[in-house]
Amino acid sequence: MSNVKTELLNKIQDKSAVVGIVGLGYVGLPLAVEFAKAGYRTIGFDVQSKKVDSVNAGQNYIGDIVGDTLKKVVESGTLSATSDFSFIEGVDAVAIAVPTPLDKYQQPDISYVKGSTESVAKYMHKGMVVILESTTYPGTTEELLKPILEASGLKCGEDFYLAFSPERVDPGNKQYKTKNTPKVVGGIGKDGTEVAAALYRNVLEGGVYEVSSPAVAEMEKLLENTYRNINIGLANEMAIICNRMGINVWDVIDAAKTKPYGFQAFYPGPGLGGHCIPLDPF
Ligand SMILES: NC(=O)c1ccc[n+]([C@@H]2O[C@H](COP(=O)([O-])OP(=O)(O)OC[C@H]3O[C@@H](n4cnc5c(N)ncnc54)[C@H](O)[C@@H]3O)[C@@H](O)[C@H]2O)c1
């Protein structure tokens, strides 16, 4: 085993690794809180100074996801936030959770991912693991992030490790939170997967599922969200047809869901909403 990998794994295991979270939104802030709660010194980074100030004051700005725990981990000194990217010099693991919207042509706007990765590259050092969590098209980690990070002069798989791990947080979900939702991890090379998976295993309780490459992890996230997009549309179209035929669509779905395999119930509603489902399938 290479020294770089052994040292990093040791730091992850004994929790002396410092974790950096880039982007303190719906995904990044709960993740930062989980790392801090697990005992890792965690530094959150955001370009919005208002969010940085709120975190440092222990003020939660994303509703039910973080709760009182934010205040506790800030007061104990385990979590802090900054707008100064040079914090990367002192961290061992970085998770990037910045926005990936669509542009006006429905193409992925990758500028936030690119910009934040370039900033990481500027301050990175040997012995780090970088993990992209933003939802994105298959190939982003290997084709976009790897060359940007290697421009630092460090080599992926030897000097640092790189992986993709999609975020599945479902804001408002009472049962499944960041902590207990299974995590999929795909690294560049087996070592990349192993290091990234070790980090999440030490923090999360939903289990970590390793896949063979970042592209598999990137694509499985799109499959999840496309599946929901199509099935929500199907439930709504079924409601329109049932309405025209004088049939109660709720009775239809209740009957269909008695089938123990091959069917998952989706229900009619106001249509697609939220941050992800209306965007990612495109
Ligand atoms: N919100 C969800 O429920 C959810 C669920 C799963 C996956 N995702 C995905 O996770 C990613 C992040 O989503 P989100 O909902 O947390 O977004 P968000 O807008 O809530 O938060 C993103 C944060 O990144 C910051 N940011 C932008 N550019 C930056 C930069 N260069 N450096 C540092 N910070 C920067 C923004 O200021 C913002 O605070 C997206 O790819 C999204 O598709 C979101």
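**Close-up views of a predicted model**

**Figure 1. The whole chain.** The protein chain holds 9 helices and 8 strands. Its radius of gyration is 20 Å, close to the 19 Å that the globule rule gives for 282 residues, so the chain is as compact as a globular protein of that length. The model is predicted. Along the principal axes, the C-alpha atoms fill a box of roughly 65 × 40 × 40 Å. Buried residues make up 36% of the 282. Among contacts with a separation of 6 or more, 71% join residues 24 or more positions apart.

**Figure 2. The largest nonpolar core.** This core has 60 residues. Val94, Val129 and Ala196 have the most contacts inside it. Helix 2, residues 28–37, gives the most to the core, with 6 residues.

**Figure 3. Surroundings of Ala196.** Ala196 is one of the residues with the most contacts inside the largest nonpolar core. Neighbours within four places in sequence are left aside here. Ala196 is then in contact with Val129, Ile131, Tyr161, Ala163, Ser165, Val185 and Gly187. Val129 is also among the residues with the most contacts inside the core.

**Figure 4. Val211 in strand 8.** Val211 lies in strand 8, which covers residues 208–211. Val211 counts as buried because it has 20 C-beta neighbours inside 10 Å, and the cut-off for buried is 20 or more. Not counting residues up to four places away in sequence, Val211 touches Val184, Gly186, Val216 and Ala217. Thr181 gives a distance reference: Val211 and Thr181 are 30 residues apart in sequence and 16 Å apart in space, C-alpha to C-alpha.

**Figure 5. Lys15, a positive phi in a loop.** Most residues other than glycine have a negative phi. Lys15 has a positive value, near 65 degrees. Its place is in the loop between helix 1 (3–13) and strand 1 (19–22). Lys15 has 15 C-beta neighbours inside 10 Å, so it counts as partly exposed. That class lies between the exposed limit of 12 or fewer and the buried limit of 20 or more.

**Figure 6. Gln106, a positive phi in a loop.** Gln106 is not a glycine, yet its phi is positive, near 65 degrees. Gln106 is found in the loop between strand 4 (93–96) and helix 5 (111–123). With 8 C-beta neighbours inside 10 Å, Gln106 counts as exposed.

Notes. Residues are numbered from 1 along each chain as its sequence is written. This is a predicted model: local features need pLDDT of at least 70, side-chain atom pairs count only at pLDDT 80 or more; totals for chains, interfaces and linings use all residues. Helices (H or I, at least four residues) and strands (E, at least two) are DSSP runs, numbered from the N terminus. The radius of gyration is taken over C-alpha atoms; the globule rule is 2.2 Å times the number of residues to the power 0.38. Two residues are in contact if their C-beta atoms, placed from the backbone, lie within 7 Å. A nonpolar core is a set of buried Ala, Val, Leu, Ile, Met, Phe, Trp, Tyr and Cys residues joined through C-beta atoms within 7 Å.
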